[in-house]
Amino acid sequence: MSNIPEQLRYAASHEWIKVEGDIGTVGITDHAQNELSDVVYVDLPKVGAKIAAGAVAAVIESVKAASDIYSPATGEVTEVNSDLVKKPELVNSDPYGAAWLFRLKLSALGELSALKDAAGYKAQIGE
Amino acid sequence: MSDLATLQKTALFAAHQKLGARLVEFGGWLMPVQYSGIVEEHKAVREAAGVFDISHMGEFFVGDSGALAFLNGLLTNDAGKLAVGQGQYTLMLNEQGGAIDDLILYRLHDTEFLLVVNAAKMEEDRAWIKKNLPAGISFFDKSDTTSAVALQGPKALEIARAFLGAGWPEPKRNEITSYSWNCQPILAARTGYTGEDGVELFFPNEIAENFFLALLEAGRPLGLKPCGLGARDTLRLEACLPLNGNDLSGKRTPLEAGLGFFVSLTKEAVFPGKDVLLKQKSEGVKEKLVAFRVKEKGPPPRPHYPLFVGTEQVGEATSGAPSPTLGYGIGLAYVRADCAEPGTGLELEVRGGRVPVEVVKKPFYKRPN
């Protein structure tokens, strides 16, 4: 059973977003890190990049493969988690905390309602 | 991914499920990619031992008095050098000198041979052999009834001895011996695909699950872990053992792949592609399969990433992964012959950016002793 915090919203592509005002913090779910296993490298977006919901925003490399990470929302990148450059393994150990990937200034708050709540995501991954 | 229902399963499938394996499609088979984790399994093989299900691989038996001559006219290595009970790495080529498959050929008896071939190439191999098979030579494909595991690592032989008992005739490097387990015939070959010492064990499907689980049990006190295809790939890559479909193909010759040691151009027999290789040998190859590493802490190489010198593309990666043993990204690539010397600096294109890499001597990892 993976951890699925109640207060987050989820994309079907296994990213989470935490919304505070018009700032969204994005990461990947516990289920996703478990599926990827052994994360060795993280490619983050550039601060200032404008990203549309559903577009590739980052890449997480595990031993086996490189996986695209999609932005769950539209906005401009305001901050990235540079700790992950030196410690990519945080994605496996703390996917909802120390391994947040990037923050966005959200430009389309309305689209967030299309994301899943914890129960919806739990149903999607069959838990 | 193909429809799961159409994929083939080995006789160890239920055992993999019991052991909590994560399963993936590989060459038309549903196989374990990992149990506890790729890095953990990789380290188990380097430091103690791991066991892999290799039942998806093909086992072809070729026999009768003309078998040796037939195989010498089919495969690149000199089968005449094999004494009874010995095996050799060899390749089967198309008329253009490209690799159909790489395989191990064992001489079981004077006129009986075993070919262990790649799962994904089994159909193609069988068709090619049958097309070339003269009358009077017998060919049996026992892949469907044969299971196999690879027991690999510094503790592998100790585990095999403990499991099979004092009467087991232990094969030396590249040798194969027969024995029995629970009244069923087994073969043990001192070969592998990890860069470690170990044995590959072949046995009938009927005893597969019991054999596998009992072996795991016997090896557990010595650190034996079940290992999946994920670790198998990183282990073989560190050892620079080529993977057919990635590093070998019908469009690449063994000379380009750096496998000239396993090609006898001096033997009398004429195998498909021999003329092409003779010409290539005298003219020199234009591209070579090289090993390269990422120089700084950068993203790992992956198959198909292009390699550059300045603005000019000089090659393409065929395999790549982060090396669990070395801690940096490693890969194999075909590059222009003038860029193939160890020490040559190249740039790997990763998602539009450039990462400095260096051609290095093969292999990345060689076991101590």
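This is a predicted model: local features need pLDDT of at least 70, side-chain atom pairs count only at pLDDT 80 or more; totals for chains, interfaces and linings use all residues.

Me: Which strand of chain A gives the most to the side that touches chain B?
Reply: The contact takes 10 residues from chain A and 13 residues from chain B (two residues are in contact if their C-beta atoms, placed from the backbone, lie within 7 Å). Strand 4 (39–43) and strand 6 (56–62) of chain A each supply at least two residues of chain A's side; helices (H or I, at least four residues) and strands (E, at least two) are DSSP runs, numbered from the N terminus. With 3 residues, the top giver is strand 4 of chain A.

Me: How are helix 2 and helix 7 of chain B set relative to each other?
Reply: The axes of helix 2 (residues 38–47) and helix 7 (residues 229–238) of chain B come within 8 Å and cross at roughly 55 degrees. Axes here are lines fitted to C-alpha atoms, for helices over the stretch in contact, and angles run from 0 to 180 degrees between N-to-C directions. Under 35 degrees counts as roughly parallel, over 145 as roughly antiparallel, 65 to 115 as roughly perpendicular and the rest as oblique. Helix 2 of chain B and helix 7 of chain B are therefore oblique.

Me: Which residues of helix 7 of chain B meet helix 2 of chain B?
Reply: From helix 2 of chain B come I38(B), E41(B), H42(B) and V45(B). Their partners in helix 7 of chain B are G230(B), A231(B), T234(B) and L235(B).

Me: Why is strand 16 of chain B called largely enclosed?
Reply: A residue is buried if 20 or more other C-beta atoms lie within 10 Å of its own, with C-beta atoms placed from the backbone. Strand 16 (residues 312–322) of chain B is largely enclosed by the rest of the structure because its buried residues number 8 of the 11.

Me: Which residue in strand 17 of chain B stands opposite S319(B)?
Reply: Strand 16 and strand 17 (residues 329–336) of chain B pair in the antiparallel sense over 7 bridges (strands pair if DSSP finds at least two bridges between them). Across from S319(B) stands L332(B).

Key:
Residues are numbered from 1 along each chain as its sequence is written. Chains are lettered from A and ligands numbered from 1 in the order in which they are written. A residue is buried if 20 or more other C-beta atoms lie within 10 Å of its own, exposed if 12 or fewer, and partly exposed in between; C-beta atoms are placed from the backbone.
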